[in-house]
Amino acid sequence: MDPINIIAGLNLIATFGANFGGAKQGFKSQITEVKQKPKSYLQTVPVYFSIVTLLLFILGLFQIGTLNYIKEYQSFRIAGLIVYIIFSWTQVLSYKTLGDYYSQDIMIKKNHQLVRKGLYRVIRHPQYLSQIFMDLSAGVLTLSFLLIPVALIQIPLLVLRASFEEKVLSSHFKSEFENYKSKTGFFIPFL
């Protein structure tokens, strides 16, 4: 196996381990008392795309559905690896910061609080931004001609999901969310 792919694969295993608590919390949210959980295709479709991108990334690590690894692509692959590692851990940090308010579904839990610490002080959706950069950089580091198109299709779905999540938060937190929104960026700080 290629050394870049080995490092990416080890990072994938490490972030899976670090995200285990988040996954457990997401499962626990299925049995938590919920105040609001709207029905929408945005609850499930982006999650399914994330699963598909993960599977395509794993195939890419084994050089299935990839271009040939030639020396001319090495710097692109290394850059992709660096971006992948940074944003995979940024996503872990995002989930950990959400703590008890993390869920795979868009919902308002009983006694829900608006999270405004960590990365959430400057941007409102670091988890979705991280997912976008992780999927694109995974495609670059593996040179996967299967993963990159799926990752590109997923971008508008994640933007729509983030916008939908904001509507839910705005309807629940009202002026508190509007004040938070005025001080933070959607995906990019202060924009």
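**Legends: overall fold and a nonpolar patch**

The chain has 6 helices and 2 strands (DSSP runs numbered from the N terminus: H or I of at least four residues for helices, E of at least two for strands). This is a predicted model, where local features need pLDDT of at least 70, side-chain atom pairs count only at pLDDT 80 or more, and totals for chains, interfaces and linings use all residues. Residues are numbered from 1 along each chain as its sequence is written, and side-chain values use heavy atoms, with hydrogens and water left out.

View 1. Of the 191 residues, 46% count as buried (under 20% relative accessible area, with exposed over 50% and partly exposed in between; 1.4 Å probe, protein chains only).

**View 2. Here's a nonpolar surface patch of about 1100 Å².** Areas come from Shrake-Rupley with a 1.4 Å probe, and for residues only the protein chains shown count as cover. Among the members are Met1, Ile6, Tyr48 and Phe62. Helix 1 (3-28) and helix 2 (45-61) each give two or more residues, and helix 2 has the largest share, with 5.

**View 3. Zoom in on Ile64, a member of that patch.** Ile64 sits in the loop between helix 2 and helix 3 (74-98). Ile64 counts as partly exposed because its relative accessibility is 44%.

Terms used. Patches are made of residues with over 30% relative accessible area and no salt bridge: like charges are joined within 9 Å, nonpolar side chains (Val, Leu, Ile, Met, Phe, Trp, Tyr) within 5 Å. A salt bridge is a side-chain nitrogen of Lys or Arg within 4 Å of a carboxyl oxygen of Asp or Glu.
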